[in-house]
Amino acid sequence: LHGARKRAYFEATERWSLCMWWEEKLPHIELKLEGLRGISLQSPIPGTSTVVLWSEAKGLAHYGFAASHSVDAAVKKAQIELQRNQDVLEFYLAEKAKGALPDLGITERRLRFFAEPSGFAKFQQRVARQGVKSQAPTLAVDLSVRGPWTQYAHVWRCLFEGKAFRENDKDDYFLF
């Protein structure tokens, strides 16, 4: 796998693995990291590693998750996402302090829910339990997305079989 296709494959792996882990259908192992907590999800998808990182600051929990070809590479990507999510939460706090909360989509509502103490407690409860090993999923979609951009860039989409993230619109489902 190369370029856009490889990134789409890792993104699909990340989404599938997070959903399966949240539903206790994947086990995890704790990562030893400096200044952060983290777990590596034990995904059956060959050649991939998916991690979840978290930290706490200003009374809120911040998360980052990513998939890549190795645990180290996934950790580096997840650290960037964790910082982005922290920035979004700081914006949310600033707007809340002004009394001007913007309308939030499902992604932002989940980010906010899991940042706050009750959501972080739910996340910690999940980390305290192990999941069971699942079979590798079938790659249901693996295609180039054509459009006016095709002459300039490749856009690729991959999806694994599974309905959890497509049919779940709950704020307390760990996927954002």
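On a 1 Å grid over the protein atoms alone, a cavity is a set of points where a 1.4 Å probe fits but cannot get out. By this rule there is one cavity of 30 Å³ or more. This is a predicted model: local features need pLDDT of at least 70, side-chain atom pairs count only at pLDDT 80 or more, and totals for chains, interfaces and linings use all residues. Residues are numbered from 1 along each chain as its sequence is written, and side-chain values use heavy atoms, with hydrogens and water left out.

**Stop one: the cavity.** Select A57, K58, L60, H62, Q86, L89, E90 and L93, which line the largest cavity (lining: an atom within 4 Å of a point). Its volume is about 40 Å³ (the space filled by probe spheres set on the points). Helix 2 gives the most to this lining, with four residues (helices are DSSP runs of H or I, at least four residues; strands are runs of E, at least two).

**Stop two: the helix pair.** Select helix 2 (residues 71–98) and helix 3 (residues 106–115). They pack at about 85 degrees, axes 11 Å apart. The two helices are therefore roughly perpendicular (65 to 115 degrees). N85, V88, L89 and Y92 in helix 2 meet L111, R112 and A115 in helix 3 (contact: heavy atoms within 4.5 Å).

**Stop three: the pocket.** Select E11, E14, F65, E81 and R84, which lie nearest the centre of the largest pocket (an open set with protein on both sides within 12 Å along at least five of seven lines). The pocket's volume is about 310 Å³. Helix 2 gives the most to the lining of the largest pocket, with six residues.

Definitions and conventions. Axes are lines fitted to C-alpha atoms, for helices over the stretch in contact, and angles run from 0 to 180 degrees between N-to-C directions. Angles under 35 degrees count as roughly parallel, over 145 as roughly antiparallel, 65 to 115 as roughly perpendicular and the rest as oblique.
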